[in-house]
Amino acid sequence: MTIATSLEDACAALAADPDSLVLAGGTDLMVEVNRGSRRIGNVVTLNRVPELGAWRRDGGQLRLGAGVTFGEISRPEIASLLPALAQAARTVGSPQIRNAATLGGNIATASPAADSLPVLVALDAVLELCSSAGRREVAVADFVTGVKQTCLLPGELIEAVRVPVLDGPQEFCKVGTRNAMVISVASLALLVDRGSRRIRVGLGSVSPRPLRATAAEEHISQRLDWDTGGHPGETAIGEFADLVAGSATPINDHRSSARYRSHAVGVLAGRALARVLEEVAAT
Amino acid sequence: MTDTRVAARTGTAPRIGESARRPDGAPKTSGSFAFSSDLWHDRMLWGGTLRSPHPSARIRSIQIGAAVAVTGVHAVLLHDDVPGQKEFGLEHRDQPVLAGDIVRYEGEPVAIVAADHPEAVRMALEAIVVDYEVLAPAVDPMTVEEVEPIHPDGNLIRRIHLRHGDQDVVGDVQVEGTYEVAMQDQAFLGPESGMAVPADDGSIDLYVATQWLHSDRDQVADCLGLEPGSVRLTLAGVGGAFGAREDLSLHVHLCMLAQHTDRPVKMVYSREESFHGHVHRHPAQMWYRHHATSDGTLVRVEARLVLDGGAYASSSSAVIANATCFAAGPYRVPSADIDGAVVRTNNPPCGAMRGFGAVQTCYAHEAQMDKLAEALGMNPIELRLHNALEPGDELLTGQTITGTAPVAEVIRSCAEHPSAAAIALDPMELPGGAGRTAGPEDVVRGEAFALGFKNLLFSEGFDDSSEAACRLEGGVATITSACAEVGQGFVTVAQQITREVLGVEEVVMAPATTATVGSAGSTSASRQTWMSGGAVKEACEKVRVQLLERVAAQQGADVSDLVLVDGRIVSLAGGLDIDLAEATAEPVEADVVFRHAQTWPLDDDGQGNAHVSFAFSAHRAIVDVDTGLGLVKVVELTTSQDVGRILNPMQVVGQLEGGAAQGVGLAVMEEVLVVDGRIRNASFTDYLVPTALDMPPVEIAALIEQAEPGAPFGAKGIGEPPSISSTAAVAAAIRVATGLDLPRVPVRPTDIVFPEGEA
Amino acid sequence: MSTDPYLLRVNGTDHRVGDGRPGESLLWVLRERLGFHGSKNACEEGECGSCTVLLDGQTVCSCLVLAESATGCEITTIEGVADDEGLSDVQQAFIDTGAVQCGFCTPGLIVSIGALLDSNPDPDDLTVREAISGNLCRCTGYGRILEAVNVAAAGRRNEGSAA
């Protein structure tokens, strides 16, 4: 086992044995290990790499180290800049999980139910990947290629996540059949981007990959009066919700049905929009 | 000598009626309490179980060569290695210790392994090659009686066709409904675990978490081909039970591995394995027709009940008896036709869970009562009061209630209790909770009421006696009982009873084991306070009499003049005052077997004096429902319960709150999803039990105290009723909020959003 | 195959873990190799909180921590929450309010609640409920546990005002 203490260490260890398991918070990986469905060979642990645990604001951007935990994201310092991501963070597992689970781990696991991904795709987040061979950047939407599939190459790590700090209110909502500690049945991030006069919508648990509801975004963004913040009318909100629901391509599984999931993101879309409009009107 | 002469004295250690602290509280909070999964022995091996991946299959062959060859493996055992009787079972010995030529449910044990590390166990289990001929599973309880038997004992486990009163009665008003209850898991937190330690003389010690040591002991001994005396069971710390530990799980497996390897063997189920390794609450499909006169008097109830027993019988026969006998609820019903059947399928085996058959029917009969109230244009509380059972009334079984039955008091106190429920504003407190899915404008509130009851203690002629011994020496009382403490607080109550009767401060609870005392019966059926509490009380009373007689003889005093109080023996007339510690330098001992009033089997019409006693409870639920997303938040539960006498108020509250939580779970989230015989959610990730953000406050409106004849101090069992009417009340409140029928629990989001069905 | 020996610092004392197997969780090593049985094994997938310990002061599910990776961290288990032979205020409150039934969830809850009260001595009901939402209890329905938190918090307030 390599307990990496610098990014360089980690990349070198991974280069030496690209089959090594990368361990960040451990909250996904160890479930598989405990279950016996994953055998441990070489492990490279990242939780002692200071660069990965840091975050900073660069002008209009926020750069979050991949090792930043959901506990940290839900605290006011980051929450004030990325409210939707902070809301999503607060729904990840339990307090104990949030203290260990990292943003990078959530992205790399690439579960359709990942709580951070709807927000990150809505933010057009860019991932900084690194390996001993060098660095590259990938949009989060391109990073996830399928259910628990990513374009991460052997020997490569997620180093950081770059997202814009948007001007405008944000919402994240997640449906589960319990009030806490529940896997998402459907989730939605809705972000107001005053700068580019756009409503951004990301969806979770309704497709193999995190999804942007592009048609719905365009529809509602055009119908908002960006100068006055005036209400677009119930019809427009209803159409928007229908478009969001229509963009989902969910499946039936033991947690819910495809029909319910589509319905749910539609309902969430309407409600989240109403909430941000209220906030817009109030400011 | 009367109790009151002693009870009138003051003591410092808490006695009956006081909130005594648990004697195991300190070790449980400090982490030093040894649960069954904490056992350790320096020579021990780890055991593991290979389970069938198929709900129905024939085993053509099993190859264990590669498993035996795994480094660290000490034993791999199969069906033929079971030394004695190959099957076990609580009521019917119909369940193989290890599958022979056929497997009947997914997860059925097929082979067992002992090795020096769990990882070696895992590798060995993976190396066992089983050649299965997969068969089509019989999974539909409604039709399984018509298909080829999946077990030599047939596909019908038990049918009770109860007919009571005039069968030609027809009511002015009739309401009909079909209801369904899904499979619930007990979801105790401490997984099945234990350790077997072989002895040199061929006997064996088994340390295990269980509800019933002696029943386990007898079944284990039969399967090992040993005399019961050669198998000693000792209770290891129990991490909750709720019915799931009444059957054997790993008991025989551990003993076989220990005997075979001549080493101590420990086994701990994983959570997934636990879902496969114990029985669940029976799923039920129920049809009802209630008949009433136009003034709201119930005149007849008809019902057809089908419970899915799964692959093996477990306690199904008793569960269906409860479902059938209490099918109409705690109401006067002069005429009834209740057909109750529990069938065998290739689904996971079902058996005991808190409420035991009464949970399922309560949900249905209370839905019917609400429906009837609506049809009559009558207030649902008034309808229930109008028909509420009273002492002297007959049950559906023809049995007359001779004990207490404060049903009207339970209804009134609960219904009239003011609600403290506020309107929630924070999304965290609304349906959806942390997911922030709803605002106050998205929810509708509903409020409803439900009433339930069930029998206390075992029924139908079963002599579930309890033995206890008391030894008083040096002023310290030691109580020996094989009663399984599973968290309910028997150890607390036993100490209180002992202090009450003997006036002592210090009461030692000896380990619960089959080695030193006879059976205490099962920790189930809300029976241990009554039965083992009764045994402790009688044993202590016997000690008191013996001691006072001895002291009287020694001192030349009149025994009727002597009392035991606060660690002293004093004469009421004065003059005698002896320290109890001195008086008991020579110990005084007594051993008693306590029995409840006799009961009788049901006859062919389901009639007979089958039950000892009954307990009643009511819940009022207030819920917020997000109709857009179909999510529910239970805002408040209010309850009243018939408790006989309160022995420990703090523990009573704990039982009422905890039982209600399991009821809330069944109402809105808990379901073992079984598809084609396979469990789809055998984990705490997908089998959801309520968290602290899901459970509402439980307001206790009233604890109705009417001393029950025959019960120690008049105390009724209190563990099960909280789980019976709570589910029904929550479901009813969701109905009120949504206006939907909701004929199934748990109520799923889709049931609210797509009431017409998914398709 | 066994891991190289490594050190775990538990409740202020270093413990050497020899011949561990790769992949062993911190929970497993605490319980089965080091004899700290107070942390409980109820789900081994981070969904129950019975195995909650403090890792450098933060609550985590020890079942999801790879034991070796905790080298260099301060690990506090239930066995380390009380200063001396006695019980912590939270432990005593659990006993006094009836928050203990079967007790399997109790150690994890006490660790979680201790951490909560250390960072927020006067939490409101919703804060407490969220803080313990990762600790399942199947016996109590949480009522007495919430009461225990109230009692412990009140005790700390009184102590604070007396000091």
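Helices (H or I, at least four residues) and strands (E, at least two) are DSSP runs, numbered from the N terminus. By that count, chain B has 17 helices and 33 strands. E460(B) sits in the loop between two of those strands, β20 (443-456) and β21 (466-473).

This is a predicted model, in which local features need pLDDT of at least 70, side-chain atom pairs count only at pLDDT 80 or more, and totals for chains, interfaces and linings use all residues. Residues are numbered from 1 along each chain as its sequence is written, chains are lettered from A and ligands numbered from 1 in the order in which they are written, and side-chain values use heavy atoms, with hydrogens and water left out.

- The C-alpha trace of chain B spans about 85 × 70 × 55 Å along its principal axes.
- The radius of gyration is taken over C-alpha atoms, and the globule rule is 2.2 Å times the number of residues to the power 0.38.
- Chain B has a radius of gyration of 27 Å, which agrees with the value near 27 Å for a compact globule of 759 residues.
- Buried residues make up 67% of the 759 residues in chain B. Buried means under 20% relative accessible area, exposed over 50%, and partly exposed in between (1.4 Å probe, protein chains only).
- Take the contacts in chain B with a separation of 6 or more: residues 24 or more positions apart account for 81% of them. Contact means heavy atoms within 4.5 Å.

**Nonpolar cores**

- A nonpolar core is a set of buried Ala, Val, Leu, Ile, Met, Phe, Trp, Tyr and Cys residues joined through side-chain atoms within 4.5 Å.
- The largest such core has 147 residues, and V730(B), I734(B) and F94(C) touch the most other members.
- Helix α9 (residues 358-376) of chain B gives the most to this core, with 10 residues.
- A second, separate core holds 85 residues, including A75(B), V97(B), L98(B) and V220(B).
- Leaving aside residues up to four places away in sequence, I734(B) touches V623(B), V625(B), V632(B), V668(B), L742(B), V747(B) and I752(B).
- In soluble globular proteins, nonpolar side chains tend to be buried together.

**Chain C**

- Chain C has five helices and five strands. Along the sequence, they follow the pattern β-β-α-β-β-β-α-α-α-α.
- The radius of gyration of chain C is 16 Å, close to the 15 Å from the globule rule for 163 residues, so chain C is as compact as a globular protein of that length.
- Its C-alpha atoms fill a box of roughly 55 × 35 × 25 Å, taken along the principal axes.
- Of the 163 residues of chain C, 63% count as buried.
- Among contacts in chain C with a separation of 6 or more, residues 24 or more positions apart account for 52%.

**Backbone details**

- A cis peptide bond joins V745(B) and P746(B), with omega at about 0°. P746(B) lies in the loop between β33 (744-745) and α17 (749-753) of chain B.
- S205(A) is not a glycine, yet has a positive phi of about 65°. S205(A) is in the loop between β13 (198-204) and β14 (211-212) of chain A. S205(A) counts as buried because its relative accessibility is 10%.
- E460(B), also a residue other than glycine, has a positive phi near 55°. At 22% relative accessibility, E460(B) counts as partly exposed.
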